[in-house]
Structure formats: C-alpha cells, structure tokens
Amino acid sequence: MPNDRLSRATRRPIRVSFEFFPPKTPEMEKSLWSAVERLAPLGPTFMSVTYGAGGSTRERTHSTVARMVQETDVPPAAHLTCVSASKAEVDAVVDSYREAGVRHIVALRGDPAGGVGTTFEAHPDGYQSTADLVAGIRRRAPEIELSVSAYPEMHPESPSREADFDTLKAKVDAGANRAITQFFFDNGHYLRYVDEARKRGIHVPIVPGIVAVSNFKQTSSFAQKAGASVPGWFAERFEGLENDVQTRQLIAAAVAAEQVLDLVDHGVKDFHFYTMNKADLVYAVCHLLGLRPTAKAESSAAA
C-alpha cells in the first residue's frame, strides 16, 4: 500500500547527497546557489561539484566547492579527472582542494578529450586509469575520502560485464571508499549489479544515482550516450507533455518518488541525486523519504 511505503521510508535512516555542476554565467550561478540553499538544510552527507572534460571547468569547480566550504555546513566533494593532464597537474589540483578545505574527491577517468565517439588516451605523463588516479590521490592525501563511479548497465566502453566489474574492483582496491552509480530507471539493473559486485568481493557502499527527469528528451539523449536504457513504460509516462511543463514536473516527481521508494523497500538507505542545479523535484522526493530541514540548517541558510 502506498501509505505503508511512505511510512517505512520515514522510519528508516535515509541518507542523501546532491550533485551540481559549476555555473557558466551569472544567471546560472544564481540558479545554482538557489538550489544549494534549498537543499543544504536537508542535511545531505555531501554535495558534489562536477569537473569538465579535460579540466575545462577547473577554476569554476574550485570556486564552487570553496564557497560551499565557507557558506554551508555540508561537506563538499570535488570531482577530478585525469584527462589531458600530467600527474603533476592533477596533484596540484588535489593540493588546491585540500587548501580550500575539501576532504572528499570524486575520482573519475573523465570523458575522452575528443568527445563522444572518440577513444580515451591517457596523458603520457599522467594517471593511466581511474584506479591509478585513486591510488595517486590516496598516496598524496591519505585523509581524503574517495568516491568513484559505477555502471549498473555497464560502461559504454567496457568490452564485457566481467571487465566492467574488474575495473570497479581495481578502483576499490586502490582505495575508493564508495561507488556512485550512473543513473538508471529500472531498479532491477541496480539490484542485480550490487548482488553481482558483492559476489566478486566488492563490499564498499554502491550508492544509486537518481535523476528526476525535468526534460525527458534531454535526459533520454544523455542516457543514450551514457549507456543507460530508457524503458518503454518510462517513456510512456511523459508522452504528450513536451509543451506542458507543469504536468511534466508533477509526473517527474511522481516517477522519481516511485523509484526511490521501491529501492527503500529493497533496503537501500543512501541516494545520490543528480540535481541539474534545480532543487524543486529533488526536494519533493527527499520530503517523501522523510527528510526535513533542520532548525540549525534553516538558520544558517537564512543568514
């Protein structure tokens, strides 16, 4: 029964984290901080900030996480890739994060510098893989918490599912504390993935990545590039709503809530939300999960 599911969710110790991307314009910056101020009072375990291909957003990522350190009580997590950079350059970024007060890095290989359809080529003097990057950060900054990516439907470049798990295990063995998955819409993919990972000796938390679909066409396009399938039943929920923003938002919140409540029923307690720098849908889903702004957080946001 729906009410029973909501009740079970609110009784369990649910933890959430939120992902943002660094703003390109003053208008985007205003939107980002509006979302941060809305979501931070919910007490997330961390808020992460992405890092553009080849370090293209390096300064903006650094500026955003540094401001999070200064203006929120939520620990920030800065993304870092090894695309088109030497070890010395990557190490310098790690040092700059530490100096800014960042104690959590999301370590990623990064997309090929040439974009979709091209092959990743490691910098001749750089880290050769995500596992290599994780090991490098762990040596340089042993106190840093490290998250890595995981792919319930397999990374688009992986030759096989077995190779995909080998890659994840290598990242964990190198020192990763947790894995955060690519978003997915069929919970069966995630549940099978976690079960298979455990059988392979991968025991770090594997946190499901959740996206609340505010723009179905855009999300479907991104899903195709990322190797995430879009079930027919899911697409049908958004049929005919291209020009009906209000109804589309309601459907998006309902679909995301249905997904996370089902995962709660399967014992999942941690969720990572890809916010797209927008707060309303994510806030609504978190509310259904039983999260409420704390008095301390509300007063900090108001200040």
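1. Strands E7 (residues 206–211) and E8 (residues 270–274) run parallel as a pair, joined by 3 bridges. Pairing here needs at least two DSSP bridges between the strands, and helices (H or I, at least four residues) and strands (E, at least two) are DSSP runs numbered from the N terminus. One of the contacts to click on: Ile210 has Phe273 in E8 as its bridge partner.

2. A word on what you're looking at: this is a predicted model, where local features need pLDDT of at least 70, side-chain atom pairs count only at pLDDT 80 or more, and totals for chains, interfaces and linings use all residues. Numbering starts from 1 along each chain as its sequence is written, and side-chain values use heavy atoms, with hydrogens and water left out.

3. Now the barrel: 8 strands close up in the order E1-E2-E3-E4-E5-E6-E7-E8, with parallel pairing. On average, neighbouring strands of this sheet are turned by 30 degrees against each other, direction ignored. Helix H6 (residues 161–173) packs on the sheet, touching E5 (145–150) and E6 (178–183), and its direction makes about 180 degrees with that of E5. Helix H8 (residues 216–226) lies across E6 and E7, at about 125 degrees to E6. For the angles, axes are lines fitted to C-alpha atoms (for helices, over the stretch in contact), and values run from 0 to 180 degrees between N-to-C directions.

4. H7 (residues 187–199) packs with H10 (residues 245–265) at about 30 degrees, their axes 11 Å apart. That makes H7 roughly parallel to H10 (under 35 degrees is roughly parallel, over 145 roughly antiparallel, 65 to 115 roughly perpendicular, the rest oblique). Asn187, Tyr190 and Leu191 of H7 meet Gln259, Asp262 and Leu263 of H10, contact meaning heavy atoms within 4.5 Å.

5. H4 (residues 87–99) and H5 (residues 130–140) also pack with axes 11 Å apart, at an angle of about 50 degrees. H4 and H5 are therefore oblique to each other. On the H4 side the contact uses Lys87, Val90, Asp91, Val94, Asp95 and Arg98; on the H5 side, Asp132, Leu133, Ile137 and Arg140.

6. Last, the charges. The model has 16 salt bridges, counted when a side-chain nitrogen of Lys or Arg is within 4 Å of a carboxyl oxygen of Asp or Glu. One of them joins Asp270 and Arg15, with the closest N and O atoms 2.8 Å apart. The pair ties together distant parts of the chain: Asp270 sits in E8 and Arg15 in E1 (residues 15–20), 255 residues apart.
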